[in-house]
Amino acid sequence: VQKDADSSERVLMDMRWGLVPSWFKKDDPSKMQFNTSNCRSDTMLKKSSYKGALLKGKRCVVLADGFYEWQQHSAGKQPYFIYFPQSQDAVTEEKEGDEEWRGWRLLTMAGIFDCWEPPSGGEMLYTYTIITVDASKDVSFIHHRQVRAGKGAAGQMPAILDGDEAIRKWLDFAEVPTQEAVKLIQPTENIVFHPVSTFVNNIRNNAPECLAPIELGAKKEIRTTPSSKVMLGWLKNSQESSPQKKENELPRWTSQFIHSPSPKKTSADVLQQWLGKEGKPAAKKRK
């Protein structure tokens with residue numbers, strides 16, 4: 001394992017959602033008695049599940065088309081899809097040979113990961129948690145009804161890293177220490193949202209209908225925004241290009257944000273280089 005691995009190098013790999021701390025002693029991760037899918041920013045440096053990994057520089061970025069929040073009202077729960085504002089350029093098809101994907105701008109959410117090895121031996125398991133912050137002013141509108149309905153305090157939302165510089169600082173664990181990196185974890189107003197069908201409330205449903213904007217009725221009209229128009233364009237192109245789409249197939253843009261040759265080393269190999277022999281952040285080589 002190389003301790004001088006370049007901490008600015010980025011690796012894309014699959015991890016299981018729900019952080020399993022490296023110190024977890026049982027053979028079955030499912031025996032954990034607490035949920036680690038989300039990690040509140042105000043306690044991430046206090047709780048043992050996250051503090052150790054965070055102080056060792058195990059920071060990651062979680063990619064997604066967007067996320068959902070539900071507004072509670074007397075008739076039930078109304079889902080909203082929340083995402084980055086989209087430019088009209090997003091509907092431009094990628095040309096063969098282009099190195100950069102110019103399509104849908106994915107949300108970049110701050111996360112913490114850890115590596116767990118079964119006590120009895122076996123393959124290393126990489127897992128992650130998404131850091132959450134207090135909901136921004138716009139999104140708190142969705143949570144507001146939950147507070148009035150007696151569902152608890154104001155809601156949380158994912159900590160979103162907005163822009164390449166924020167992403168670079170969060171990922172570069174050797175050059176940007178923990179105390180500096182955590183300053184990036186703030187609510188953002190640079191998001192948009194629209195109501196979607198309750199079709200998404202069933203976890204088995206995975207189709208473009210989960211993202212399509214709907215109108216809530218005459219009493220509360222939802223304006224059609226430029227971003228929602230781009231969304232409709234995406235859905236239309238997706239359906240027209242795949243008229244015989246399989247029932248459980250993801251929307252076509254979901255898996256098209258990466259176009260790069262297979263690395264010589266596996267993602268796990270590079271991560272192991274980053275972590276160092278003792279699980280500490282690798283020191284970047286200086287000339």
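1. The structure holds 5 salt bridges. A salt bridge here is a side-chain nitrogen of Lys or Arg within 4 Å of a carboxyl oxygen of Asp or Glu. The model is predicted: local features need pLDDT of at least 70, side-chain atom pairs count only at pLDDT 80 or more, and totals for chains, interfaces and linings use all residues. Residues are numbered from 1 along each chain as its sequence is written, and side-chain values use heavy atoms, leaving out hydrogens and water.

2. One of these bridges joins K58 and D114, with the closest N and O atoms 2.8 Å apart. K58 sits in the loop between α1 and β3 and D114 in strand β6, so the pair ties together parts 56 residues apart in sequence. Helices (H or I, at least four residues) and strands (E, at least two) are DSSP runs, numbered from the N terminus. Both K58 and D114 are buried. Buried means under 20% relative accessible area, exposed over 50%, and partly exposed in between (1.4 Å probe, protein chains only).

3. R168 meets E165, the closest N and O atoms being 2.8 Å apart. The two lie 3 residues apart, about one turn of the helix. R168 is partly exposed at 33% relative accessible area; E165 is partly exposed at 44%.

4. D42 and R40 also form a salt bridge (3.1 Å, N to O). D42 is partly exposed, at 44% relative accessibility. R40 is partly exposed too, at 39%.

5. Now the interior. A nonpolar core is a set of buried Ala, Val, Leu, Ile, Met, Phe, Trp, Tyr and Cys residues joined through side-chain atoms within 4.5 Å. The largest one has 40 residues; I112, I131, M157, I160, W170 and I185 touch the most other members. Its largest share, 6 residues, comes from β6. A second, separate core of 8 residues includes W104, L106, V200 and L211.

6. Look at α1 (48-55). Its buried residues are S49, Y50, A53 and L54. They cover an arc of only 100° around the axis, which puts them on the same side of α1; the arc is that of the directions from the helix axis to the C-beta atoms. They pack against several elements, including β3, β6 and α3. Just after α1, G57 takes a positive phi of about 80°.

7. An open sheet of 3 strands runs in the order β4-β5-β9, with antiparallel pairing. Strands pair if DSSP finds at least two bridges between them. The edge strands are β4 (67-73) and β9 (192-195). β4 and β5 pair over 7 bridges, and Q71 stands opposite Q78 in β5.

Conventions:
Contact means heavy atoms within 4.5 Å.
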